[in-house]
Amino acid sequence: MDQLTQLESLSIHILREAYANFRNLCMLWSIGKDSTVLLWLARKAFYGHVPFPLVHIDTHFKIPEMIKYRDRLTREWKLPMLYGENKAALNTKQTFPDGNADRITCCRLLKAEALKNTLNGKWPRYRFNHKAGKYQVDENTEAFTGVIVGVRSDEEGSRSKERYFSPRDGENSWDVGDQPPEFWNQFKTDFAPGTHVRVHPLLDWTETNIWEYIERESIPTVSLYYDQGSGRRYRSLGCGPCTHPVESTAKNVREIIEELQSGKFANIAERSGRAQDKEDGGGLETLRREGYM
Amino acid sequence: MAEQMNVVITGHVDHGKSTVIGRLMADTGSLPDGKLDQVKALCQRTSKPFEYAFLLDALKDEQSQGITIDAARVFFKTRKRHYIIIDAPGHIEFLKNMVTGAARAEAAFLCIDANEGIQENSRRHGYLLSMLGVRQICVLVNKMDLVHYDMRVYKTVVRKFSRFLRGINLREVPFIPVSGMQGDNIVSPSEAMPWWKGHTVLSLIDTFRKESAPLDLPLRLPVQDVYKFTALGDDRRIIAGTVAAGTLRKGDELVFYPSGKKSHVAAIENFPEGTMESAAAGMSAGFTLSEQIYVKRGDLAVRTGEKKPQTGNLMRVNLFWLGREALRRDKDYFLKVGTERVRMRLVDTNKVIDASSLNSDGMKKMVERHDVADCVIAVQRPIAFDLVEDFPQTSRFVIIDGYEIAGGGIIREVLRDKNAEYRDRVMNRNLKWDMGNITRFSRSERYGHKSALVLVGGPEDKRKIAFAKTIEEKLFESDIKVYYLGIESMMAGLDSDMAIKRDGISPDDRDEMIRRLAELSNIFVDAGIVMVAAVPNLSWEEQETILTSISPVQVITIWIGCSGDSSVNTDYVIENPEYSEKDMEAAMEMILNKGISL
């Protein structure tokens, strides 16, 4: 069995374990390449269906192509799509682009806070109604007890310590020092009331694996990842004001893989275009303990 | 596509594991650009001398303590293959993290400080590696610079530790003298140790053999789930699971244990389109069956004619314990083996071993944190599994205490229990069952509900019978195909051949009557009907006989009256025999919504 098939099989196994064990399960879809691979794996695990909601946290500063792509796939693949947002912060303009917050605070408000209150059902969730062709407030406000997330251990330091099934308390906190043991494909599927479990099927994948798999499976991705003639493309996607394109002329998946393996990005960290990572030494980890993806 | 291998690095705390990995990464140019400089700059800012170990210590709290608390993974490649190097913590507090790291490894390095010598966790990690199934091990005698690269110091460690390894059946384990700090024998041969003619870490790692997937073994496929997304317009009933051993092929005749029911593989499904001819060990598969039988998560699929798995509920195991609270006999746990999850109890401890010294204590009747033990466990109902010498993959289990995985182990032997003989008979019955053309699923769909057995147990009391009859009536009013079967009717009819004495029923007769009730229930539920039966003084063994017969169809047990000294597993208890309307409603709610709804 080749490496991609091996990675694929373990990820599918994990997705199926999550589905078998959690009644209120959802999957976070950031629209980026990793969580889109995750979405593809879910369709593979459940033979074309996604039997749990996909949740997107909309900061309303996402690059517009991302939202168009999200809604196009939602329609084409008939996805059970939900989004959540921090309405209060947006209304009062407590954001970095509005000049009223620094980058980390903005991330905390628009992502971490919105995520926490969307998962626990305290803030409205908007569900795509396929018949009406638009988003409507979801009547179901039950908290999600299992949350599938597409993080990879090679992304940055703190992620290399994650478990496939990682418990979080009511405040979404992650206790890095006291994690459950995990061996022989047996995962933590029992959890106390008020806590939930993050599920990480892509932990063992590298950035190159992700692109190789996108190529092998012909998975549709956002055009922002490719150079459209300007000599620039995005390597990692996020909010417009804080995510910058990199100089690259890779026009398709194959060229991206070649660039990653032997080209100029072979030894440069993937998130180097993400401004918030540089704000303070452990900023991302602090946010991560509080629930940021 | 390049081959991939997981290698774990273990050893006692401060014996230099992270330093060895950091050095290996740096000297082979495996670090991202700027990473080395970034860490060096951080050290300068915080006025700490740079250490290679810092490269791995990405987390704040870890750096402040200066020890590895979790198994961190780093990626590394040679011309031969890609490696994931797992850095396992050496501190005893973090043994569960060491187990997590080591269990996914195919090979291991074990670091021993040449200066400090063999320590408690050097031995404990050796023992755990062997139990976890990591058979390829190389011992790195590290910090050779601190002992002036003295060959005699190295040889002493080799002699002592080899003796220990032989004791746990690990033979011909290679050793290398190294210094992670100075880079000796990590990537290139050490100039300081001209007496060493053997491998460097880098040259040795490529000699680890890739364990070939167990493709040629008999098939083992633990059923993970059964999918039927009817609401989403898909009528396929797909049995999903990861192939643990062997190869699943289209057309195979499969037997599902512990029930022993059989069917053929109609198609191995694929996405986005088409089907596959086969699925090999390690693959996540999904398939449909030609004959629709009832299969559930936890069943073990095996090919007809191949080595049968074990079934039973009493077994001898080897286990290691990680839980804060000891494993003891008076407490309920859950056992997870394959995809099965079942209530479990510790029956006896044959031997509790202190893994660090291999001293054993035959008297200790509990298994404490970090102990390794040989013991007997019992599970609530019979399950299917293998013995470790036959199929390691399907012999491994974990134990859940509360919400946590608190231990793990391997099954060595299945012990015969009271119901073993009946289980064999049921399996034989299921293998020979001559099914009509209407499946149980067609019946459920036509009737609008699943079948089930509602057992009403409790002390001998007429009110139990009244309760059962009311349940029948209420279910009937809800359009459920239901039948109340009275024990009195059984005795006057089916059981009329048995001598029923005026002063009671003999235990042997009682066993046979329960068996007949179990067989009759099996026919009822197979016919799609919800059967309600009240059994006075139902015992745990009798409940198990009934479960064995009709498995995997749901049995809903309602207990009426005092449940104080009963060991029967109940779904609902009504302590007051003068049950109220509210109790009745709750019982109905449970039967309708959790038990028989489609």
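Is A:Leu10 buried, partly exposed or exposed?

## A:Leu10 in chain A

A:Leu10 is partly exposed, at a relative accessible area of 21%. Buried means under 20% relative accessible area, exposed means over 50%, and partly exposed lies in between (1.4 Å probe, protein chains only). The residue is found in helix α1 (residues 3-21) of chain A. Helices (H or I, at least four residues) and strands (E, at least two) are DSSP runs, numbered from the N terminus.

Set aside the neighbours within four places in sequence. A:Leu10 is then in contact with A:Tyr164, A:Asn185 and A:Asp204. Contact means heavy atoms within 4.5 Å. A:Leu10 and A:Leu202 are 192 residues apart in sequence, and their C-alpha atoms are 8.8 Å apart in space.

## Basis of the model

This is a predicted model: local features need pLDDT of at least 70, side-chain atom pairs count only at pLDDT 80 or more, and totals for chains, interfaces and linings use all residues. Residues are numbered from 1 along each chain as its sequence is written, chains are lettered from A and ligands numbered from 1 in the order in which they are written, and side-chain values use heavy atoms, with hydrogens and water left out.

## The mixed sheet of chain A

Chain A has an open sheet of 8 strands, with mixed pairing. The order is β5-β4-β3-β2-β1-β6-β8-β7 (chain A). Two strands pair if DSSP finds at least two bridges between them. At the edges stand β5 (134-137) and β7 (165-168) of chain A. Each has a single partner strand, so one side of each is left without a neighbour in the sheet. Direction ignored, neighbouring strands of this sheet are turned by 30° against each other on average.

A:Arg127 stands opposite A:Gln136 in β5(A). Helix α2 (residues 33-45) of chain A lies across β1 (25-28), β2 (54-57) and β6 (146-148) of chain A. This helix runs at about 140° to β1(A). Axes are lines fitted to C-alpha atoms, for helices over the stretch in contact, and angles run from 0 to 180 degrees between N-to-C directions.

## A helix pair in chain A

Helix α6 (residues 207-217) of chain A meets helix α7 (residues 253-261) of chain A; their axes come within 9 Å and cross at roughly 160°. α6(A) and α7(A) are therefore roughly antiparallel to each other. Angles under 35 degrees count as roughly parallel, over 145 as roughly antiparallel, 65 to 115 as roughly perpendicular and the rest as oblique. α6(A) passes α7(A) in a left-handed crossing. A crossing is left-handed if the near helix is turned anticlockwise from the far one by less than a right angle, and right-handed if clockwise.

The contact includes A:Trp211 and A:Ile214 of α6(A), and A:Ile256 and A:Leu260 of α7(A). By class, the contact of α6(A) with α7(A) has 6 nonpolar, 2 polar and 4 charged residues. Ala, Val, Leu, Ile, Met, Phe, Trp, Tyr, Cys and Pro count as nonpolar, Asp, Glu, Lys and Arg as charged, and the others, Gly among them, as polar.

Chain B has 14 helices and 28 strands. Of its 598 residues, 55% are buried. Take the contacts in chain B between residues at least 6 apart in sequence: 72% join residues at least 24 apart.

B:Cys138 lies in strand β5 (residues 136-142) of chain B. B:Cys138 is buried, with a relative accessible area of 0%. Beyond four places in sequence, B:Cys138 touches residues including B:Phe109, B:Leu110, B:Val173 and B:Phe208. B:Leu110 is 28 residues away along the chain, with 6.3 Å between the two C-alpha atoms.

Helix α4 (residues 95-103) of chain B and helix α5 (residues 120-132) of chain B pack at about 45°, with axes 10 Å apart. That makes α4(B) oblique to α5(B). Their crossing is right-handed. The contact residues of α4(B) with α5(B) divide into 8 nonpolar, 1 polar and 1 charged.

An open sheet of 5 strands in chain B has parallel pairing, in the order β25-β26-β24-β27-β28. Its edge strands are β25 (482-485) and β28 (572-574) of chain B. β25(B) pairs with strand β26 (residues 530-536) of chain B over 4 bridges. B:Tyr484 stands opposite B:Val532 in β26(B).
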